[in-house]
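Hi everyone, thanks for coming.

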Amino acid sequence: MGKVYVFDHPLIQHKLTHIRDVQTGTKDFRELVDEVATLMAFEITRDLPMEEIDLKTPVSETKGKILSGKKLAIVPILRAGIGMVDGILKMIPAAKVGHVGLYRDPETLKPIEYYVKLPSDVEERDFILVDPMLATGGSAVEAINSLKKRGAKNIKFLCLVAAPEGVEEIKKEHDDVDIYIAALDEKLNEKGYIVPGLGDAGDRLFGTK
């Protein structure tokens, strides 16, 4: 059963406040998202398996722990998810990066997959799916579908702000996926925007409207 983790670390919350601020411009917004992604990567990797090795320090011989070689992949949901990738790679530089592109059907409003590129050894990797926002959950669910169709078995979803509706949608459709968020917001408004949210993450990251 998937769990929901809300990161209450002071540095994450401090930076998230500035990300939310309407006065924060594109440059600072992009840098803050990158920094928060790095901090969240520190938390999301807490359960990575370790192994013990022998080594020699300048003083004596001893034992130390290193990562046991678990293969990881970071997959942003295009386009806003791209803004979180570099921050995570600072902590996990050996991870491979895939991409999932979705668009919303204008008639059904359902997300449709238009682009998927993943590492070739999908079944051997743990996946971190990233998107700054989890609103209705439709895009996240479809992106998880895209990964599972190609053989992914262990998937974590990482985002900055989430609406309760989106969290429940992932839990309903994919109860094996853990959800990691910096803030669980109040609700969705009538237009489907997260309240209080942070606006359109893609537009704020890339300076578009």
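Let me begin with a term we need for helix packing: an axis here is a line fitted to C-alpha atoms, for helices over the stretch in contact, and angles run from 0 to 180 degrees between N-to-C directions. One thing to keep in mind is that this is a predicted model.

Now, with that in hand, find helix H4, residues 138–149, and helix H5, residues 164–173. Their axes are 8 Å apart, and the two helices pack at an angle of about 30°. Angles under 35 degrees count as roughly parallel, so H4 is roughly parallel to H5. The crossing of H4 past H5 is right-handed. Who touches whom? On H4, the contact comes from Ala-140, Val-141 and Ile-144, and on H5 from Glu-169, Ile-170 and Glu-173. Sorted by class, that contact has 4 nonpolar and 2 charged residues, with no polar ones.

Let's turn to the other pair. Helix H1 covers residues 10–20 and helix H2 covers residues 26–44; they pack at about 155°, with axes 9 Å apart. An angle over 145 counts as roughly antiparallel, and therefore H1 and H2 are roughly antiparallel to each other. Their crossing is left-handed. H1 brings Leu-11, Ile-12, Lys-15, Leu-16, His-18 and Ile-19 to the contact, while H2 brings Phe-29, Leu-32, Val-33, Glu-35, Val-36, Leu-39 and Met-40. By class, we get 10 nonpolar, 1 polar and 2 charged residues.

Next, the backbone. Most peptide bonds are trans. Arg-79 sits in the loop between strand E4 (71–78) and helix H3 (82–91). Another cis bond runs from Val-195 to Pro-196, with omega near 0°. You will find Pro-196 in the loop between strand E13 (194–195) and helix H6 (201–206).

Arg-79 comes up again in the annotations. An unreviewed UniProt entry places a "binding site" feature at Arg-79, Arg-104, Asp-131, Pro-132, Met-133, Leu-134, Ala-135, Thr-136, Gly-137, Gly-138, Ser-139 and Asp-200. Of these, the lining of the largest pocket includes Arg-79, Arg-104, Asp-131, Met-133, Leu-134, Ala-135, Thr-136, Gly-137, Gly-138, Ser-139 and Asp-200. As for Pro-132, look in the loop between strand E8 (125–130) and strand E9 (133–134).

Methods
Residues are numbered from 1 along each chain as its sequence is written. This is a predicted model: local features need pLDDT of at least 70, side-chain atom pairs count only at pLDDT 80 or more; totals for chains, interfaces and linings use all residues. Side-chain values use heavy atoms; hydrogens and water are left out. Helices (H or I, at least four residues) and strands (E, at least two) are DSSP runs, numbered from the N terminus. Angles under 35 degrees count as roughly parallel, over 145 as roughly antiparallel, 65 to 115 as roughly perpendicular and the rest as oblique. A crossing is left-handed if the near helix is turned anticlockwise from the far one by less than a right angle, and right-handed if clockwise. Contact means heavy atoms within 4.5 Å. Ala, Val, Leu, Ile, Met, Phe, Trp, Tyr, Cys and Pro count as nonpolar, Asp, Glu, Lys and Arg as charged, and the others, Gly among them, as polar. UniProt positions are given in the numbering used here, feature names are shortened, and annotations may be inferred rather than shown by experiment. On a 1 Å grid over the protein atoms alone, a cavity is a set of points where a 1.4 Å probe fits but cannot get out, and a pocket is an open set with protein on both sides within 12 Å along at least five of seven lines; lining residues have an atom within 4 Å of a point.
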